[in-house]
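Hi everyone, thanks for making time.

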Amino acid sequence: MPRKKQFDEEQVLQQAMELFREKGYHSTSYHDLVDRLGINRASLYDTYGDKQTLFSRSLDLYQQKNYRRIEELILADGPADEKLEALFEAVLADTLQDPQRKGCLMVNTITELASQEPELAQQLERNTHHIEELFARLIRQGQAEGSIPDRRDAGELAKYLFASYAGLQVVAKIWTDTASLRQVKRQILRSVLS
């Protein structure tokens, strides 16, 4: 008779996601995982498979949470320009309120692994497309309202916004000057809204 698991698989996956976000894939050892997750190595293998599978599942969980958060912001009531401002302000707030400046697991993974792991690169690309679709929806709303000029293609502008969104998260990890980060954010918004 199989033994009943003595841990919550979703909670452990959440903890693994946070550890990978903190340390990155390569810098996270099995010892780190066993210590942080509070389960033995055999249970880790039995439940989640190898480290790469655990990382991929952690990335999926992060993608789902991040996508829902962006979707809620974009689909909320209100004008598109205010939602765009709130979205980029949330990016800065997340980073500036985190003393470790862990950043976004998706963006961190793009910079650490995308060129080395084709399967992860495909997973990251799918996530990018989903977020770009949300951005395009917000842009089309703004164009219909008149807060975003309609002379540019919403899909192309969404790609620019995603690149800006990801880039801001990267520099926010290393820039300590909050005023400079806010200036960059204002410039990104100005380039879309004017």
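**Salt bridges, core and pocket**

Let's start with a pair of charged side chains: Lys159 and Glu132 meet in a salt bridge, at 3.1 Å from N to O. Lys159 sits in helix α8 and Glu132 in helix α7, residues 118-145, so this pair ties together parts that are 27 residues apart in sequence. Are the two partners buried or exposed? Lys159 counts as partly exposed, because its relative accessibility is 45%. Glu132, on the other hand, is buried, with a relative accessible area of 11%.

Before I go on, please keep in mind that this is a predicted model.

How many salt bridges does a search of the whole structure find? The search turns up 9. One of them joins Arg182 to Glu89, and here the closest N and O atoms are 2.7 Å apart. Arg182 belongs to helix α9 and Glu89 to helix α5, so the bridge ties together parts that lie 93 residues apart in sequence. Both ends are partly exposed: Arg182 has a relative accessible area of 27%, and Glu89 has 24%.

Lys23 forms a salt bridge with Asp32, with 2.9 Å between the closest N and O atoms. Lys23 is at 34% relative accessibility, so we call it partly exposed. Asp32 is at 18%, and it counts as buried because the cut-off is under 20%.

Now for the nonpolar side. In soluble globular proteins, nonpolar side chains tend to be buried together. In this model, the largest nonpolar core has 53 residues, and the ones with the most contacts inside it are Leu54, Phe88 and Phe135. Which helix gives the largest share of this core? That's α8, with 9 residues.

Let's zoom in on Leu54. Leaving out residues up to four places away in sequence, Leu54 touches Leu13, Ala16, Phe20, Leu33, Leu37, Leu44 and Tyr48.

Next, go back to helix α9, residues 178-193, and look for Leu181. Leu181 counts as buried, because its relative accessibility is 0%. What does it touch, apart from its neighbours within four places in sequence? The contacts are Leu92, Leu96, Leu168, Val171, Ala172 and Trp175. Take Leu92 from that list: Leu181 and Leu92 are 89 residues apart in sequence, yet their C-alpha atoms are 7.6 Å apart in space.

Last stop, the empty space. Rolling a probe the size of a water molecule over the atoms shows where empty space is left. The largest pocket holds about 330 Å³. It is lined by 19 residues, and those closest to its centre are Arg21, Tyr62, Asn66, Arg69 and Asp94. Where does the lining come from? Helices α1 (9-23), α4 (51-75), α5 (80-96) and α8 (154-174) each supply at least two residues. The largest share is from α4, which gives 6. Sorted by class, the lining has 9 nonpolar, 4 polar and 6 charged residues.

Notes
Residues numbered from 1 in each chain as written. Predicted model: local features only at pLDDT ≥ 70, side-chain atom pairs only at ≥ 80, totals over all residues. Heavy atoms only, no water. 1 Å grid on protein atoms, 1.4 Å probe; cavity = no way out; pocket = protein on both sides within 12 Å on 5 of 7 lines; lining within 4 Å. Points joined across faces, edges and corners; volume = space filled by probe spheres on them. Helix = DSSP H or I, 4+ residues; strand = E, 2+ residues; numbered from the N terminus. Nonpolar A, V, L, I, M, F, W, Y, C, P; charged D, E, K, R; others polar. Buried < 20%, exposed > 50% of the residue type's maximum accessible area, 1.4 Å probe, protein only. Contact = heavy atoms within 4.5 Å. Core = buried A, V, L, I, M, F, W, Y, C linked by side-chain atoms within 4.5 Å. Salt bridge = Lys/Arg side-chain N within 4 Å of Asp/Glu carboxyl O.
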